[in-house]
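Dear colleague,

Please find below the structure that I am handing over to you.

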Amino acid sequence: MKILLVGLGIGVFAGVMAGLCGVGGGIVMVPAFVFALGLDQKQAVATSMAVIAPTAILAMARFSGTGLINWQLFWPAAIGALLAAWFATDWMKQFSNLTLTRIFGTALIAVGIIMVIRKN
């Protein structure tokens, strides 16, 4: 029952963040799966990636009629992301959970700092 309720709560928060900010899987779900549900880093990443698929499909369907999706950018970015994800899933298996957690945390901090100091 706990996994159902906590998972639903994590999903709701991640969905709100995805709809508002384009993030949710990595930034919300991975840490929540690790800290709230006790998953190891690899399982949290894999579960988050699985949840992203239906989330992204639904969001794309909702955004498609608004003119907000840049389809010229979509295709090359999607192809690049698919290729990178294919290889990165194998690389992930080679790292320890601790190393993956450190990579994840460092990436979040670096991106956060860049976003805070960058001027539009």
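Predicted model: local features only at pLDDT ≥ 70, side-chain atom pairs only at ≥ 80, totals over all residues.

The overall fold

The protein chain contains five helices and zero strands, and its pattern along the sequence reads α-α-α-α-α. Along the principal axes, its C-alpha atoms fill a box of roughly 40 × 30 × 30 Å. Of the 120 residues in the chain, 12% count as buried. The chain has an accessible surface of about 8900 Å², and carbon and sulfur atoms account for 75% of that surface.

The largest pocket

The largest pocket holds about 1900 Å³ of space. Its lining is made up of 46 residues, and those closest to its centre are Met49, Ile52, Ala56, Ala81 and Ala85. The elements that each supply two or more residues to this lining are α1 (2-21), α2 (25-37), α3 (41-64), α4 (71-94) and α5 (97-117). Helix α3 gives the most, with 14 residues. By residue class, the lining of the largest pocket consists of 36 nonpolar residues, nine polar and one charged.

The second largest pocket

The volume of the second largest pocket is about 170 Å³. Cys21, Val23, Ile27, Ala107, Leu108, Val111, Gly112 and Met115 line this pocket. Which helix gives the most to this lining? The answer is α5, with five residues. Seven of the lining residues of the second largest pocket are nonpolar and one is polar, with no charged residue among them.

One residue in detail

Glutamine 41 lies in helix α3. Is this residue buried or exposed? Glutamine 41 counts as buried because its relative accessibility is 6%, and the cut-off for buried is under 20%. Apart from neighbours within four places in sequence, glutamine 41 is in contact with Val30, Val34, Asn97, Leu100, Thr101 and Phe104.

Yours sincerely,
A colleague

Terms used: Residues numbered from 1 in each chain as written. Heavy atoms only, no water. 1 Å grid on protein atoms, 1.4 Å probe; cavity = no way out; pocket = protein on both sides within 12 Å on 5 of 7 lines; lining within 4 Å. Points joined across faces, edges and corners; volume = space filled by probe spheres on them. Helix = DSSP H or I, 4+ residues; strand = E, 2+ residues; numbered from the N terminus. Nonpolar A, V, L, I, M, F, W, Y, C, P; charged D, E, K, R; others polar. Buried < 20%, exposed > 50% of the residue type's maximum accessible area, 1.4 Å probe, protein only. Contact = heavy atoms within 4.5 Å. Areas by Shrake-Rupley, 256 points an atom, 1.4 Å probe, with all protein chains shown as cover.
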